[in-house]
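Trainee: I'd like to learn how to read a model like this one, feature by feature. Can we go through it together?

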Amino acid sequence: MTIQIADKPVGPDLLDPKLHGHPEMIRQRADEAPPVFWSEKWRAWCVTGYPEAFAILKDSRFSLEYNMRKTEQTQDLSPEALELRRELYCGGLTHLNFDQGRSLLVMDPPEHTPYRRILQPFFLDREVAKFLPIIHGIVDRLINAWGTSDEIEFMNGLAYPLPVILFGDILGIPQELRHKFIDYDAFTNTRNTKSTLANVEDYRKAAAQGPAYSAKIDEVISAKRACPMHDIFSTLVTAQIDGKPIPDARVRAMVYLLNTGSVTTTTTLIGNCIYYFRHFGIWDRIRDNLDLLPQAIEESLRFDPPAPYVGREMAVDMELGGQMLKKGETVLIFFNAANRDVREFSDPSEFQIERSPNRHLSFGFGGSHFCLGAPFARQEALISVTEMMKRYPNLEVIGEPEHANAFGFSKLMLKLH
Ligand code: HEM
């Protein structure tokens, strides 16, 4: 039943840690409220309907520039911890070390447009195709390292290291400078703690690592300036916008976005595919007809989106889904709920690998912020699942996977045969 507070309908807490790993429960809870409702706890509008979410993603009146959504997740935090959280998550390390550097994910057009234009060419299908042998090579090396083990923990064995290693290649980070720093979560030891809001000490430790992380990026900036090549990093340090070079603070913020935006999400997607294909008894069918795999990956993206929600802030007053949203208010768009809206998807709680059309929102949809890295993520999933199916045709999942936070499995044990 929908409760009305003042003039706003309120609904359930869709960020409740008890819901982590249960997208079907998120949809059930979302059905208790209208598709656009107010959360007093998060002090944000929550959007769970497909048409409403779709409309937002294409509409620049829903701003990213003022995006403070993560600082809204504050209920368990002391003022000091809140400050650390702000430093850590608001626009990357913006307030920590990056001297007002912001990535394109916290810019609105027209400021956003030239940055996107600079990066876009590196994410076209023909560019991504050049990386396919590299992805194959990384997957082979990681799997070969398991030797003759008949049981492995898959997340740390392949799903996580693959995008971490590939990130260094995509950006063009020299091998000698890659050690450890290329993965921010590993650098700050936040892989299993992010977004749980649980431990102030974790935030403090992570924030304390900021200058060191920043200094590592600066080493690459110097190396790339001295010897630019055809890669993303060189382009960021040599490009000009309005006749001026991109400030180092912004380069750092872009690198931080590309790193944090590409690793956790792709890790989640790869782990989810292995788990769901086994869980829903479709592993053998896909293995025997690998042409089904791309659609099956899309269904995994719809069913359990690796980025479960994104945020916006209202740039103007406007009506959405029967509610009046006011300038400055935060909006959280729940892909995990919208991807199961019966107005768009028939039988949304069924995992249907031949679902067509499957216009899930998991990479955003259209709009100026549509995920740049989607072709990489799809290829990483395609190549790693194909290789697992070829090498371990009868693979089994052992027990239930574990979740450390809202972003995919932290542990997925497999029996290899
Ligand atoms: C399964 C994997 C991935 C998922 C689910 C995902 C999801 C998303 C989503 C939902 C957005 C849009 C955010 C918004 O509209 O607020 C986004 C943006 C972005 N993603 Fe991804 N992503 C994935 C992988 C990657 C990879 C591999 C890269 C880079 C190598 C990447 C780079 C980016 C960038 C640069 C943006 C910002 C685009 C802009 O603001 O113009 N992503 N991603």
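Trainee: How many bridges join strand β5 to strand β9?

Mentor: Some ground rules come with that. This is a predicted model, so local features need pLDDT of at least 70 and side-chain atom pairs count only at pLDDT 80 or more, while totals for chains, interfaces and linings use all residues. Residues are numbered from 1 along each chain as its sequence is written. Helices (H or I, at least four residues) and strands (E, at least two) are DSSP runs, numbered from the N terminus, and two strands pair if DSSP finds at least two bridges between them. Here, two bridges join β5 (residues 62-63) to β9 (residues 309-314), and the strands run antiparallel. Ser-63 stands opposite Glu-313 in β9.

Trainee: Which residue is the bridge partner of Val-310 in β12?

Mentor: That's Ile-333. β9 and β12 (residues 330-334) run antiparallel, with five bridges joining them.

Trainee: What is the strand order in the open sheet of three strands?

Mentor: In general, side chains in a regular strand alternate between the two faces of the sheet. The order in this sheet is β6-β14-β13, with antiparallel pairing. β6 (151-153) and β13 (396-397) are the edge strands, each pairing on one side only. Two bridges join β13 to β14 (residues 413-415), and Val-397 stands opposite Leu-414 in β14.

Trainee: Now helices. Which residues of α11 are buried?

Mentor: Burial is a neighbour count: a residue is buried if 20 or more other C-beta atoms lie within 10 Å of its own, exposed if 12 or fewer, and partly exposed in between, with C-beta atoms placed from the backbone. In α11 the buried ones are Tyr-213, Ser-214, Lys-216, Ile-217, Val-220 and Lys-224. They sit on the same side of α11, because they cover an arc of only 155° around the axis (the arc of the directions from the helix axis to the C-beta atoms). The face turned away from that buried side carries the exposed residues Pro-211, Ala-212, Ala-215, Ser-222 and Ala-226.

Trainee: How many residues of α15 are buried?

Mentor: Eight of its eleven, so to speak a mostly covered helix, running over residues 293-303. Among the buried ones are Ile-297, Leu-301 and Phe-303. What covers them includes α1, α13, α14 (283-288) and α17, where contact is judged by C-beta atoms, placed from the backbone, lying within 7 Å.

Trainee: Is Arg-29 buried or partly exposed?

Mentor: Arg-29 is partly exposed, because 18 other C-beta atoms lie within 10 Å. Its place is in α1 (residues 23-30). Not counting residues up to four places away in sequence, Arg-29 touches Pro-12, Leu-14 and Leu-19. Arg-29 and Leu-19 are 9.5 Å apart, C-alpha to C-alpha, and ten residues apart in sequence.

Trainee: And the ligand: how many residues surround it?

Mentor: A residue goes into the shell if its C-beta atom, placed from the backbone, lies within 6 Å of the molecule. That gives 23 residues here, and the closest are Ser-262, Thr-265, Cys-371, Gly-373 and Ala-377. The elements giving two or more residues are α13 (248-279) and α17 (374-391); α13 gives the most, with seven.

Trainee: What about the protein overall: how many helices and strands does it have?

Mentor: It comes to 17 helices and 14 strands. Of its 417 residues, 44% are buried.

Conventions
Two residues are in contact if their C-beta atoms, placed from the backbone, lie within 7 Å.
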